[in-house]
Amino acid sequence: MGRVILHSDINCCYASIEHLYHPELAGKPLAVGGDRQARHGIILTADYMAKRRGVKTGMALWQAKQACPELNIVSPRMDLYLRFSRIAHEIYADYTDMQEPYGIDECWLDVTGSASIKGDGEKIAHEISGRMKSELGITVSIGVSFNKIFAKLGSDYKKPDAITTMHEDEFRYKAWPLPASDLLYVGRSTEKKLTNVGIMTIGDMARSGESYMNVLLGKMGGILWAFASGYDDSPVKIENTQAPIKSVGNSTTTPRDLVSDEDVKIVIYMLAESVASRLRKNGFRCRVVEMSVRDNGLFSFTRQHKIKNATDITGEIAAEAYLIFRENYRWEKPIRSIGVRGSDLVTGDYWEQIDLFDDVEQREKMRKMDTAVDEVRRRFGYFAVQRGLMYQDRVLSSVDAESTHTVHPHGYF
């Protein structure tokens, strides 16, 4: 018996969840985006009504309002979306322990082992789809196939609320006529190269041959040829071996330009508090700390450090980010914006070897202190408790870093 792989994709995830909490917006176009007053505010996702009227992910908020004047924009609530994602994974767990997240809203499931008990892949997909509606109030599109690539292509094939099979005897007439850009990892640049040589569809890629694709696109060409030809045999990872997201980060365009190390330290700690708080809230720790800087001349850089132990402790994340800054910035111009990110996430089930000389007790005290601050802020608001450092400049520390953050999905490889 061959593999049975599902790919479940929550339709317009953020917008669908927000519709549940905004019944007054039923039948009206809705999008999830940043602060309307912020210079960097963009659309994160939009519902199908908004998409039909020209609203696209990544569009600036003012552009979205031009395309759809009646658009309702709500601020993102990533913790809420992560909670829905966790419940969705609990539903998936009733069918398999081999589930691999691809962002908050997508997941591959290997149900080969449970097909003899639960029914074939299509039957399991219908059951999952029904449970998502009845238990979460949202819809999913599910692809059913023999590998991960075509399972994802199946979930994209028809939306919303659809189930599409891409079996070995079907993919040549279902997948091959689709545009090459529909295949995972065919972006704009790759699509342009393919179009220039007359490769327009997924079938054209498969028929071009591996050697030709290698000449055209290098190593990635051979990978895409294998994808198009149905040769992807990559396994679905076992659940809880990785976080459903790749990283959690926060960045801000500061209320005034930063002109000293102390200014930068205030903003770094403010952002690190938000990143660490969300890591703890969602049961993640990071193994890489990333720092980004942009000055008022629009020069920017991003650097990262691999840290010794996975962490969700504010002080450790902030100290590492500040070290990265000191190593890489020379104060040629004032700074306009800063970002801090924790990446290479692991879950609470992850274990690691502790160094004999690590002060484990001190780290635990720091974590408990952070947790106590989380609880105070949950009950009384973000500004109920602050570090003494924040009182050095009330303008810089006036930003509520808890209200905005960014999550980044996993890549396929």
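D156 is partly exposed, with a relative accessible area of 33%, where buried stands for under 20% relative accessible area, exposed for over 50% and partly exposed for values in between (1.4 Å probe, protein chains only). The model is predicted, so that local features need pLDDT of at least 70 and side-chain atom pairs count only at pLDDT 80 or more, while totals for chains, interfaces and linings use all residues. Residues are numbered from 1 along each chain as its sequence is written, and side-chain values use heavy atoms, with hydrogens and water left out.

D156 forms a salt bridge with K152, the closest N and O atoms being 3.6 Å apart; a salt bridge here is a side-chain nitrogen of Lys or Arg within 4 Å of a carboxyl oxygen of Asp or Glu. Both K152 and D156 lie in helix α7, 4 residues apart, about one turn of the helix. Helices (H or I, at least four residues) and strands (E, at least two) are DSSP runs, numbered from the N terminus. K152, at 10% relative accessibility, counts as buried. By the stated rule the count comes to 31 salt bridges. In one of these, the side chains of K159 and D9 meet at 2.6 Å, N to O. This pair links distant parts of the chain, 150 residues apart, with K159 in the loop between α7 and β8 and D9 in strand β1. K159 counts as partly exposed at 33% relative accessibility, whereas D9 counts as buried at 6%. A further salt bridge joins the side chains of K174 and E170 (3.5 Å, N to O). K174 is buried, with a relative accessible area of 16%, and E170 is buried as well, with 12%. Elsewhere, E273, R280, D370, D374, R377 and R387 are linked in a network of salt bridges.

Several backbone features were also identified. Most residues other than glycine have a negative phi, and most peptide bonds are trans. A cis peptide bond joins K159 and P160, with omega of about -10°. P160 is found in the loop between α7 (148-157) and β8 (163-166), and D161 also has its place in the loop between α7 and β8. Phi of D161 is positive, near 55°, although D161 is a residue other than glycine; D161 counts as partly exposed at 35% relative accessibility. C12, likewise not a glycine, has a positive phi of about 45°. C12 is found in the loop between β1 (5-10) and α1 (13-21) and is buried, with a relative accessible area of 9%.

Helix α12 (residues 219-229) is mostly covered, with 8 of its 11 residues buried. The buried residues of α12 include L224, W225 and F227. Among the elements that cover them are α7, α8 (171-174), α9 (188-196), α10 (202-208) and α11 (210-217), contact being taken as heavy atoms within 4.5 Å. G230, with a positive phi near 85°, follows α12.

The largest nonpolar core holds 35 residues, of which I268, M291, F325 and I338 touch the most other members. Such a core is a set of buried Ala, Val, Leu, Ile, Met, Phe, Trp, Tyr and Cys residues joined through side-chain atoms within 4.5 Å. At least two residues of this core are supplied by each of β9 (247-258), α13 (261-281), β10 (284-295), β11 (300-311), α14 (314-328) and β12 (335-347). The most is given by α13, with 11 residues. Leaving aside neighbours within four places in sequence, I268 is in contact with M291, A318, A321, Y322, F325, I338 and V340. A second, separate core of 34 residues includes V74, C107, L109 and I124.

H89 is found in helix α4 and counts as buried at 14% relative accessibility. Not counting residues up to four places away in sequence, H89 touches Q99, P101 and C107. H89 and F146 are 57 residues apart in sequence and 21 Å apart in space, C-alpha to C-alpha.
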